[in-house]
Amino acid sequence: GFHFMITPLGLPVSVFRDEENGQDITLMCKEATFHMITTLSKINPTSILRKDAIASMTKIANLCKSENVAGGASGTAALKRKNLLKGIWDLCDSSCKSLGDS
């Protein structure tokens, strides 16, 4: 299963920092998410893992959509959050299509 966490509405996107080196946790998670989706999209379309990859990316995309609908706030942090969710959703959508999902 997946656990999906985007910073709560109203908080600056970069509020979470690693205690040891001060690195932006949100940015680290964003980069890891995009890397994971990109890796899933590179699975051979004839592989037995294709269906699992599509199912995983579809679940991530659905989580993005449900998180985005739950919004309702405005401001810079809300806009960044919405754009992040849209970016993840768009990548999942295009990746699923590249694997042959309609």
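Is Asp93 buried, partly exposed or exposed? Asp93 is partly exposed, with a relative accessible area of 26%. Here buried means under 20% relative accessible area, exposed over 50%, and partly exposed in between, with a 1.4 Å probe and protein chains only.

1. Basis of the note. This is a predicted model, in which local features need pLDDT of at least 70 and side-chain atom pairs count only at pLDDT 80 or more, while totals for chains, interfaces and linings use all residues. Residues are numbered from 1 along each chain as its sequence is written, and side-chain values use heavy atoms, with hydrogens and water left out.

2. Overall architecture. The protein chain holds three helices and zero strands, and its elements run α-α-α from the N terminus on. Helices (H or I, at least four residues) and strands (E, at least two) are DSSP runs, numbered from the N terminus. Of the 102 residues in the chain, 25% count as buried. The chain exposes about 6,800 Å², and carbon and sulfur atoms supply 57% of that area; accessible areas come from the Shrake-Rupley method with a 1.4 Å probe, and for residues only the protein chains shown count as cover.

3. Contacts along the sequence. Contact means heavy atoms within 4.5 Å. Among contacts between residues at least 6 apart in sequence, 67% join residues at least 24 apart.

4. Salt bridges. A search of the whole structure finds two salt bridges, each being a side-chain nitrogen of Lys or Arg within 4 Å of a carboxyl oxygen of Asp or Glu. Side chains of opposite charge can pair when their charged atoms come close.

5. The Asp93 pair. The side chains of Asp93 and Lys97 meet in a salt bridge, at 3.3 Å from N to O. Both residues lie in helix H3, four residues apart, about one turn of the helix. Lys97 is exposed, with a relative accessible area of 53%, whereas Asp93 is partly exposed.

6. The Asp90 pair. Asp90 forms a salt bridge with Lys86, and their closest N and O atoms are 2.8 Å apart. These two residues are also placed in helix H3 (residues 76-98), four residues apart, about one turn of the helix. Asp90 is partly exposed at 31% relative accessible area, and Lys86 counts as partly exposed at 47%.

7. Ser95 and Ser41. Ser95 is found in helix H3 and counts as buried at 3% relative accessibility. Not counting residues up to four places away in sequence, Ser95 touches Ile37, Ser41 and Met57. Ser41 has its place in helix H1 (residues 25-41). Leaving aside neighbours within four places in sequence, Ser41 is in contact with Met57, Ser95, Ser98 and Leu99. A polar atom of the Ser41 side chain lies 2.6 Å from the backbone oxygen of Thr38.

8. Cysteines. How many disulfides does a search of the whole structure find? The search finds zero disulfides, a disulfide being a pair of cysteine sulfur atoms within 2.5 Å. The sulfur of Cys64 is 6.0 Å from the closest cysteine sulfur, in Cys92, and is therefore too far for a bond. Cys64 is buried, with a relative accessible area of 1%, and Cys92 counts as buried at 0% relative accessibility.

Technical notes:
Polar contact = N/O pair within 3.5 Å; in protein donor to acceptor, adjacent residues only side chain to side chain.
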